[in-house]
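Dear colleague,

My notes on it follow directly after.

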Amino acid sequence: MADDYLVRIGKLIRDARQHRGWTQTQLAEALSTSQSAVNRIERGNQNISLEMIARIGEALDSEIVSLGYAGPMHLRVVGGRRLSGSIDVKTSKNACVALLCATLLNKGRTVLRRVARIEEVYRLLEVLGSIGVRTRWINGGVDLEIVPPAELDMASIDEAAARRTRSIIMFLGPLLHRMDGFKLPYAGGCDLGTRTIEPHMIALRRFGLDIAATEGMYHARVDRKVTPGRPIVLTERGDTVTENALLAAARHQGTTVIRNASSNYMVQDLCFFLEALGVRVEGIGTTTLTVHGVPTIDVDVDYSPSEDPVEAMSLLAAAVVTESELTVRRVPIEFLEIELAVLEEMGLDHDRTAEYFADNGRTRLVDLTVRPSKLEAPIDKIHPMPFPGLNIDNVPFFAAIAASAQGQTLIHDWVYDNRAIYLTDLNRLGGRLQLLDPHRVLVEGPTRWRAAEMMCPPALRPAVVVLLAMMAAEGTSVLRNVYVINRGYEDLAERLNSVGAQIEIFRDI
């Protein structure tokens with residue numbers, strides 16, 4: 001009877017794979033397994049776990065393969081364990097999604113090395129595939145190959161996938177060079193309050209792009225007679241706004257000056273990639289970028305995005321809240337220097353290796369070892385600033401760190417409307433956080449963390465902060481529906497387990 005079920009499941013998987021137009025090898029690469037293993041599964045000759053069935057279903061975008069509905073993913077956390085050993089930082093999520101959007105500029109083949117295998121990337125790959133871009137995982141599922149079609153099929157865009165990622169907004173810059181009119185679904189992503197696209201429009205109108213928003217879609221028209229005759233001044237020094245302006249300028253023949261530009265890590269990686277495409281960019285790392293665009297890009301390019309400073313901060317925070325000694329390797333130090341300066345003032349005991357270069361040959365890395373420390377609350381409030389200030393995405397981690405320190409810490413998260421509110425979820429785990437207003441929270445430490453069962457906050461970084469607190473809490477906690485964590489982190493539970501955490505992934509059946 002069991003063998004009969006395996007054969008039936010195998011046929012479902014085979015049919016779903018063929019419906020998607022994949023070979024067994026392509027499915028194997030998506031699952032990081034071998035073609036022979038996929039062949040055995042499809043013939044019903046291999047036992048297969050419910051977790052593997054769910055993974056196959058996600059890879060093939062087929063609920064049939066997941067046997068109806070496997071339910072959302074949850075985490076069961078046994079806390080109070082010390083971490084030890086070393087852990088590598090993965091490549092930047094925000095750089096990878098920007099580079100995927102940037103491949104639309106290129107008529108040639110692009111290979112991106114060590115791409116973050118996260119839900120945000122998967123959603124963009126689904127969108128790219130729906131409009132005719134061929135993508136496949138190569139080299140054992142580590143690297144990603146992208147080959148565009150001669151003409152994009154925007155009428156077939158996967159609206160459901162597009163609405164689940166805010167990164168879709170960065171299609172505007174490349175697409176305005178490829179067609180005179182197109183439609184994009186409204187951008188989605190984290191629930192962080194109202195996030196207007198008007199700064200994007202202010203920049204892109206200078207390239208002739210006009211947007212009308214109706215019925216859940218952006219209706220775009222391009223006037224080829226409009227060109228940026230004077231410098232573009234961004235009204236918001238935002239990362240995606242700067243990236244969109246760069247993507248528009250890359251194929252604008254002539255020189256485009258972008259002022260009040262973000263100089264953050266993902267913007268720098270995008271600039272390095274544009275240089276690999278043959279676009280000269282001056283001022284990388286500053287707030288004024290001068291782009292010498294080229295009207296046509298048709299090159300085969302191989303690029304390695306750098307490591308993620310926000311993931312590095314997550315791992316450092318994990319060591320701090322669990323009072324562990326942990327070495328975090330491949331830390332992009334240029335983008336964590338302010339955070340480390342604040343932590344040093346709080347009393348963090350750590351050291352670092354000499355600097356070395358990331359695989360892109362430009363970003364400076366170190367290995368950082370953190371040891372158990374008696375932390376004191378900082379004298380000044382914790383607040384983000386554009387690079388080189390304290391990173392906006394790193395602010396939530398200071399809520400958990402401040403809760404581990406002696407004294408009161410004021411955190412002022414002025415950028416997002418809702419995120420400070422989500423930080424108060426730490427109170428369910430024994431934290432003492434007082435919400436002063438939608439942007440400010442007062443943290444009292446030290447904290448005796450306690451286990452709890454709760455839903456995952458709908459914002460990425462607060463969700464990870466809750467997970468870290470669960471790791472510090474004695475007893476067993478449950479964090480339900482962690483899709484938002486999977487949007488930004490690759491195999492986070494398994495990787496934390498490799499250095500001593502005890503986190504179990506499970507699903508409702």
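The 56 positive and 64 negative charges of the protein chain have mean positions that lie 3 Å apart. Please note that the model is a predicted one, and that every value here is computed from it.

As to overall form, the C-alpha trace spans about 70 × 60 × 45 Å along its principal axes. A compact globule of 509 residues would have a radius of gyration near 23 Å, and the protein chain agrees with this, at 23 Å. The secondary structure consists of 18 helices and 23 strands. Of the 509 residues, 58% are buried. The accessible surface amounts to about 20,200 Å², with carbon and sulfur atoms contributing 48% of it. Where contacts link residues at least 6 apart in sequence, 73% of them join residues at least 24 apart.

Helix H16 (residues 460-472) is mostly covered, as 13 of its 13 residues are buried.

Leu 315 belongs to helix H12 (residues 309-321). Because its relative accessible area is 3%, under the 20% cut-off, Leu 315 counts as buried. Beyond its neighbours within four places in sequence, Leu 315 is in contact with Ile 87, Asp 88, Val 89, Leu 326, Val 328, Arg 495 and Leu 496. Between the C-alpha atoms of Leu 315 and Thr 327, which are twelve residues apart along the chain, the separation is 9.2 Å.

Two residues in this region have a positive phi although neither is a glycine: Glu 323, at about 55°, and Arg 330, at about 65°. Glu 323 is situated in the loop between H12 and strand S14 (326-332), whereas Arg 330 is in strand S14 itself. With a relative accessibility of 49%, Glu 323 is partly exposed; Arg 330, at 17%, is buried.

Finally, I draw your attention to two cis peptide bonds. One runs from Phe 387 to Pro 388, with omega near 15°; Pro 388 lies in the loop between strand S17 (364-371) and helix H14 (395-403). Another joins Gly 445 and Pro 446, with omega at about 0°. Pro 446 is located in the loop that connects strand S20 (440-445) and strand S21 (453-455).

With kind regards

How values were computed:
Residues numbered from 1 in each chain as written. Predicted model: local features only at pLDDT ≥ 70, side-chain atom pairs only at ≥ 80, totals over all residues. Heavy atoms only, no water. Helix = DSSP H or I, 4+ residues; strand = E, 2+ residues; numbered from the N terminus. Rg over C-alpha atoms; globule rule 2.2 N^0.38 Å. Buried < 20%, exposed > 50% of the residue type's maximum accessible area, 1.4 Å probe, protein only. Contact = heavy atoms within 4.5 Å. Areas by Shrake-Rupley, 256 points an atom, 1.4 Å probe, with all protein chains shown as cover. Lys, Arg positive; Asp, Glu negative; His and termini not counted. Charge placed at Lys NZ, Arg CZ, Asp CG, Glu CD.
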